[in-house]
Amino acid sequence: MRGAIIALIFLMPPAAAAQSEEHSKHNMAITPAGVVMNENTDVLPRDCEAISRDHEITIRVGRKYANEPGMTYGMSQHEVRVEPCSRVSVTLINEDDVRHQWMVHGLPNYLYPAAMFHLEASGGQTRTGTFIVPAQHRNYLIHCDIAQHMEKGMRGQLVVGKGSGDLWGVAHISSNFLRAGYLPESRSSIVVFATLLAFALTYLFVSRR
Ligand SMILES: [Cu+2]
């Protein structure tokens, strides 16, 4: 019996280490209040020489912020604007009783595994996490990845510097533009598509007369 206990004590640390190593790939901090994944407070992106500015941003999320027709959830702000190379500390306050996330996609892979920074707050909880944005002027998708939450309003954008054009379907910014899933992502291709369609229809109409 004593032998078995000693064996257990010796076997447990490697198992625990293996598990935390698995989690450390995503640099994950999990508490009952939620999750902070891929936090980065001090490592500069390769294209930055220094931190340009510190931002502290508070985002409140929940049903209360769904103030567009057909939406169930929302965020107190759907757009976050920061300078290139700035350090962004986000406090996510979840005012619902279901959990919500605030995820940024498209960050550099060498710094943020799976190219993302991710906050998750359990119902009624608050989580804070920090990340540093690269120098590139660009728009990044922000969303909540819980099933149907993005479609129901939890979609936003992080604009670094001048950005690279509004993403579609962001509440209060580009949500008037309702996009069908089969259409291309960029607005210019849609304009070209619509123009070609108009020409084709006019041609058909004229040639039949
Ligand atoms: Cu959500």
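Which residues coordinate the copper ion? In this predicted model, where local features need pLDDT of at least 70, side-chain atom pairs count only at pLDDT 80 or more, and totals for chains, interfaces and linings use all residues, the copper ion is coordinated by His 100 (ND1), Cys 144 (SG), His 149 (ND1) and Met 154 (SD), at 2.1 to 2.8 Å. Residues are numbered from 1 along each chain as its sequence is written, and side-chain values use heavy atoms, with hydrogens and water left out.

Donors here are N, O and S atoms within 2.8 Å of the metal (3.2 Å for Na, K and Ca), and sites may look incomplete because water is not among the atoms. The 4 donor atoms subtend angles of 78 to 143° around the copper ion, and the arrangement is therefore irregular; four donors count as tetrahedral if all angles lie between 85 and 135 degrees, four count as square planar and six as octahedral if opposite donors are over 155 degrees apart and all others between 65 and 115, and anything else is irregular. Along the sequence, the donor residues follow the spacing H-x43-C-x4-H-x4-M. Distant parts of the chain are linked by the pair of His 100, in strand 7, and Met 154, in the loop between strand 10 and strand 11, which lie 54 residues apart; strands (E, at least two residues) are DSSP runs, numbered from the N terminus. His 100 counts as buried because its relative accessibility is 0%, and Met 154 is buried as well, with a relative accessible area of 0%, where buried means under 20% relative accessible area, exposed over 50% and partly exposed in between (1.4 Å probe, protein chains only).

Turning to the sheet, the reader finds an open arrangement of 7 strands in the order 1-2-8-7-10-11-5, with mixed pairing, where two strands pair if DSSP finds at least two bridges between them. Strand 1 (28-31) and strand 5 are the edge strands, each pairing on one side only. Within this order, strand 2 (residues 34-37) and strand 8 run antiparallel and are joined by 4 bridges, with Ala 121 of strand 8 as the bridge partner of Gly 34.

Other pairings involve strand 3, which runs parallel to strand 6 and is joined to that strand by 8 bridges, with Glu 56 opposite Ser 89 in strand 6. Strand 3 also pairs with strand 4 (residues 74-75) in the antiparallel sense over 2 bridges, and there the bridge partner of Val 61 is Met 75 in strand 4.
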